[in-house]
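Subject: Structure for your review

Dear colleague,

Please find the structure below, together with its sequence. My notes on it follow.

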Amino acid sequence: ECSLQDLPQIKCAPDDGGAFLTLPQVASRPGKNASVMTTNLGMYRIQISGNEYGPDECGLHYQIKRDIARHHQKAIEEGRPLKVSIFLGGPPAHTIAAIMPMPENLSELLFAGMLSGRRFRYFIHNGYLISSDADFCILGEVAPDLKPEGPFADHVGYYSGKHLFPYLKVKKVLCKKNAIYPFTIVGRPPQEDTLFGNFIHKVTKPMVPASLPGVHAVHAVDAAGVHPLCLALGSESFRPYAKPEEREPMELLKTANALLGFNQVSLTKYLMIAAKEDNPKLDVNRIPEFFGHILERLRTDRDLHFQTETTTDTLDYTGGSLNHGSKLVIAAAGPKIRDLRNDTADLQSLHLPAAFTDAKIVMPGVLALKWNSGMAESFESGIAALRDSLANWNFRENYPWVSIVDDTSTLGIDNPQTNLQDFLWLTFTRSDPALDLYGLNERYVHKHWACEAPLIVDARIKPHHQKAITFDKAVRESALKKLQGIL
């Protein structure tokens with residue numbers, strides 16, 4: 001036996017609210033006598049110090065749409081505390097299993113056994129499930145009240161704020177002799193969880209079409225923070241007799257709704273979906289080509305479908321409050337309606353208002369503009385002036401996407417090392433569709449928002465956003481020297 005205080009008190013980022021476990025396997029079951037095969041094993045961050053936690057308490061931050069939430073709700077309804085076991089270490093397959101998006105009511109313990117080639121070994125102690133192979137096991141009951149948890153530098157690239165969350169009353173902490181304590185560093189991608197994401201995509205690739213007929217491929221884009229942007233390839237076969245030039249998004253809209261109700265894909269904020277029939281070789285993993293395919297076909301008066309005042313990822317604050325925001329489906333099918341350009345000479349005829357400078361071409365059809373925050377005019381008046389400038393630009397149809405950011409210095413085709421990664425991160429982690437999208441000649445047609453190209457995305461940092469993660473240069477250099485010494 002040991003205690004929470006005996007564990008390494010690792011504080012990964014300067015403004016973290018305390019020490020966190022960053023590779024925990026959190027096990028819970030739906031009932032007191034529930035079968036082990038109903039166990040949910042998830043990776044939810046655990047705060048073991050700071051805030052208002054006592055020496056035998058730790059924060060349990062589970063996000064929206066997690067199976068442990070069902071178990072917790074059932075325990076509340078039955079008037080009993082939820083017993084939770086937290087495992088650290090053991091076979092790598094167990095850690096991987098904890099991050100797998102398994103279908104509801106199918107235990108991650110099954111996947112852990114399949115992946116490692118041997119069953120998940122366990123025993124029961126005082127009603128708690130204990131992994132026989134883990135290095136550490138923390139056993140506790142979910143308290144009846146809530147306590148502040150956070151801040152924490154999360155994988156989207158920003159700190160998540162301090163909020164009330166469940167916490168555990170820890171009853172016992174067990175460890176192996178010579179136990180190994182695993183942890184990872186979390187932050188703006190790419191990080192170690194990028195490798196997790198790549199593995200999940202590889203494993204689940206054949207499962208998606210089987211689970212959702214009509215879906216051929218899905219890519220939750222890691223560089224955009226995973227849930228903020230998802231690219232999907234579907235079928236458009238509602239009218240098989242239609243000529244190619246008559247094809248339009250119909251079945252794609254049904255498929256998009258299915259995706260937004262499917263497992264962790266339901267947390268997507270921007271969903272771009274294309275019809276495979278338009279290009280059988282289209283690959284969701286080739287991001288510039290996929291963007292180009294969408295933008296060549298996008299009708300901004302028809303193909304933008306919003307869900308407003310809806311639930312969003314717990315880590316996404318662009319909607320203004322926890323778990324609240326909007327979603328946008330961009331569905332494109334049919335023939336090309338425009339040619340995209342990628343010529344810096346085109347910018348010479350773009351006469352921007354004073355509030356906007358440093359126009360950069362990110363990829364064919366995509367521009368980024370810098371907002372000069374020191375200008376006296378408001379952003380809304382600046383947008384009005386920008387609309388006028390774009391309306392008079394000869395190439396506005398050839399660049400149907402414009403992102404407004406705080407800094408374009410790392411963007412542009414002359415910055416190949418940072419251009420795409422920074423564009424995806426800035427655009428999709430710093431904008432909420434319903435709050436931050438603009439266009440030319442905005443209007444509502446039968447309650448459907450429509451505009452003329454280009455689509456303008458306000459991807460600036462706003463006052464209600466969370467702080468971006470930064471690390472002290474001296475600390476980073478010191479860590480690298482120590483790592484080099486170890487290697």
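Where is the place of Met37? Met37 sits in the loop between β2 (25–28) and β3 (40–42); helices (H or I, at least four residues) and strands (E, at least two) are DSSP runs, numbered from the N terminus.

Please note that this is a predicted model, in which local features need pLDDT of at least 70 and side-chain atom pairs count only at pLDDT 80 or more, while totals for chains, interfaces and linings use all residues. Residues are numbered from 1 along each chain as its sequence is written, and side-chain values use heavy atoms, with hydrogens and water left out.

Surface patch

With a relative accessibility of 40%, Met37 counts as partly exposed (buried means under 20% relative accessible area, exposed over 50%, partly exposed in between; 1.4 Å probe, protein chains only). Together with Leu106, Leu110 and Met114, Met37 forms a nonpolar patch on the surface, with about 390 Å² of accessible area in total. Accessible areas come from the Shrake-Rupley method with a 1.4 Å probe, and for residues only the protein chains shown count as cover. Patches are made of residues with over 30% relative accessible area and no salt bridge: like charges are joined within 9 Å, nonpolar side chains (Val, Leu, Ile, Met, Phe, Trp, Tyr) within 5 Å.

Helix packing

Helices α2 (residues 92–99) and α3 (residues 108–116) pack at an angle of about 140°, and their axes are 8 Å apart. This makes α2 oblique to α3 (angles under 35 degrees count as roughly parallel, over 145 as roughly antiparallel, 65 to 115 as roughly perpendicular and the rest as oblique). Axes are lines fitted to C-alpha atoms, for helices over the stretch in contact, and angles run from 0 to 180 degrees between N-to-C directions.

Salt bridges

The structure holds 31 salt bridges, each a side-chain nitrogen of Lys or Arg within 4 Å of a carboxyl oxygen of Asp or Glu. One of them pairs Asp133 with Arg121, the closest N and O atoms being 2.6 Å apart. Asp133 lies in the loop between β8 (128–131) and β9 (136–142) and Arg121 in the loop between α3 and β7 (122–125), so the pair ties together parts that are 12 residues apart in sequence. Asp133 is buried, at 12% relative accessible area, whereas Arg121 is partly exposed, at 31%.

Arg387 also forms a salt bridge, with Glu442, the closest N and O atoms being 2.5 Å apart. Arg387 belongs to helix α8 and Glu442 to strand β23 (residues 437–445), so this pair ties together parts that are 55 residues apart in sequence.

Kind regards
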